[in-house]
Amino acid sequence: MFSVFKKFRDGLKKTAAAALGGLGALFGRRISDADIESIEETLYGADFGLETTEQIVGAIRREYARNKELRGREAAEIGAAVLKDILSGSEAEFARAPDGLPTVVCLVGVNGAGKTTTAAKLAQKFMDCGESVLLGACDTFRAAANEQISVWAKKLGVDIVESRQGADSAAAAWDAWQAAKARGAKWLIIDTAGRLHTKENLMGELAKIRRVLAKNDPTSPHNSVIVLDASLGSNSIEQAKAFNESFGLTSMIVTKLDGTSKGGALAGIYRELKLPIAYVGLGEKAQDLQKFDSAAYAEGVFGLEKNE
């Protein structure tokens, strides 16, 4: 467990720096009214949003009113406790297919969110657990998409069903499912084309992929997952809403948390949509894709170390 907390703490350093502002320097001394105002400003800067920021700061103010000896570390502990409460129920577990059928994870999202890399990292995680995986290259729009996912497949030694650029993406999904079933794969990870959530025709293609998969297995796709770029902050909320309406999302994966100071938006997205979080990206390596742990996230955001 300690390694999980350390991974989140290290991966959230930029968000922690933004969220803490001067709070880190206050860990060893008493805080003041001015310090609390500074904390409020820095929480907004980390993209926690109005409601979450007000809850955290309100809890700190109430404790400060009772205890004028309140120190910075204690304020951080209060903030982490509030954040844990806000994120209650946010940890997603992937659903499984009926026995004998592949479990389908369909990744959707806008261009540049990191879907292809996430598909590869998920494949590695499942393989590390001794389970067979097939990658479905259903991004038939982007010229380099097949090449990118093929390189990953070769590197990982995982089966892949490729498609040519311009092919029907739903047909590619059909072929991938048939191959996964024939080969006895436990997991089928489908990488779809990035698309603007405002383009109705492109969103319609996703609906077609869903219908085709359901013809093979009425319970498929078992996991419809939006991949969100953490650096976009609260702007991701509208993306998630649009994809949820057109595709019916079951969870989200938030990438690039290690490279942004806006990791607080994760709480706002969950708060707005109640869409659970399956994994978060805390670095470039395959092992840096971590199952979301709300306690580790809250502790990491406020720069707290877990003593195990």
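Biologist: In this predicted model, which residue has its backbone nitrogen 3.3 Å from a polar atom of the side chain of D288?

Modeller: Let's start with D288 itself, which is found in the loop between β7 (277-281) and β8 (289-291). Its relative accessible area is 10%, and because buried means under 20%, D288 counts as buried. The backbone nitrogen that lies 3.3 Å from a polar atom of its side chain belongs to E284.

Biologist: Is helix α12 (residues 294-301) largely enclosed or open, and how many of its 8 residues are buried?

Modeller: Happy to go through it. Among the buried residues of α12 are S294, Y297 and V301, and A296, A298, E299 and G300 are buried too. The helix is largely enclosed by the rest of the structure, because the number of its 8 residues that are buried is 7.

Biologist: Now to the aromatic rings: are F94 and W187 stacked or tilted?

Modeller: The structure holds 5 aromatic pairs, and this is one of them: the ring centres of F94 and W187 are 6.3 Å apart. F94 sits in the loop between α5 (72-86) and β1 (103-108), while W187 is in strand β4 (residues 187-192), 93 residues apart from F94. Both F94 and W187 are buried. Their planes stand at 55°, so the pair is tilted.

Biologist: What about the rings of F126 and W187, stacked or tilted?

Modeller: F126 lies in helix α6 (residues 115-128) and W187 in strand β4, so this pair ties together parts that are 61 residues apart in sequence. Both F126 and W187 are buried. The ring centres are 3.9 Å apart and the planes are at 10°, so the pair is stacked.

Biologist: Which residue lies over the face of F247?

Modeller: The distance to look for is 4.7 Å from the ring centre of F247. The residue placed there is R210.

Biologist: Turning to open spaces, which element gives the most to the lining of the largest pocket?

Modeller: The largest pocket has a volume of about 320 Å³. Of the 22 residues that line it, the closest to its centre are A113, G114, K115, T117 and K256. By class, the lining has 3 nonpolar, 12 polar and 7 charged residues. With 5 residues, the element that gives the most is α6.

Biologist: K256 came up there; is it buried or partly exposed?

Modeller: K256 lies in the loop between β6 (251-255) and α11 (265-273). It has a positive phi of about 60° although it is not a glycine. At 34% relative accessibility, K256 counts as partly exposed.

Biologist: Which element gives the most to the lining of the largest cavity?

Modeller: The structure holds 1 cavity of 30 Å³ or more, and the largest has a volume of about 50 Å³. Its lining includes L228, V254 and I269, and by class it has 6 nonpolar, 3 polar and 2 charged residues. The elements that give two or more residues are β5 (223-229) and α11. With 3 residues, the element that gives the most is α11.

Biologist: One last stop: is the peptide bond from S220 to P221 cis or trans?

Modeller: P221 is found in the loop between α9 (200-216) and β5. Omega of the bond from S220 to P221 is near -5°. The bond is cis.

Definitions and conventions. Residues are numbered from 1 along each chain as its sequence is written. This is a predicted model: local features need pLDDT of at least 70, side-chain atom pairs count only at pLDDT 80 or more; totals for chains, interfaces and linings use all residues. Side-chain values use heavy atoms; hydrogens and water are left out. Rings of Phe, Tyr and Trp (its six-membered ring) pair if their centres lie within 6.5 Å; planes under 30 degrees apart count as stacked, over 60 as edge-to-face and the rest as tilted. Helices (H or I, at least four residues) and strands (E, at least two) are DSSP runs, numbered from the N terminus. Buried means under 20% relative accessible area, exposed over 50%, partly exposed in between (1.4 Å probe, protein chains only). A charge sits over a ring if NZ of Lys or CZ of Arg is within 6 Å of the ring centre and within 35 degrees of the ring normal. A polar contact is a pair of N or O atoms within 3.5 Å; within protein, one must be able to donate a hydrogen and the other to accept it, and residues adjacent in sequence count only if both atoms are side-chain atoms. On a 1 Å grid over the protein atoms alone, a cavity is a set of points where a 1.4 Å probe fits but cannot get out, and a pocket is an open set with protein on both sides within 12 Å along at least five of seven lines; lining residues have an atom within 4 Å of a point. Grid points are joined across faces, edges and corners, and a volume is the space filled by probe spheres set on the points. Ala, Val, Leu, Ile, Met, Phe, Trp, Tyr, Cys and Pro count as nonpolar, Asp, Glu, Lys and Arg as charged, and the others, Gly among them, as polar.
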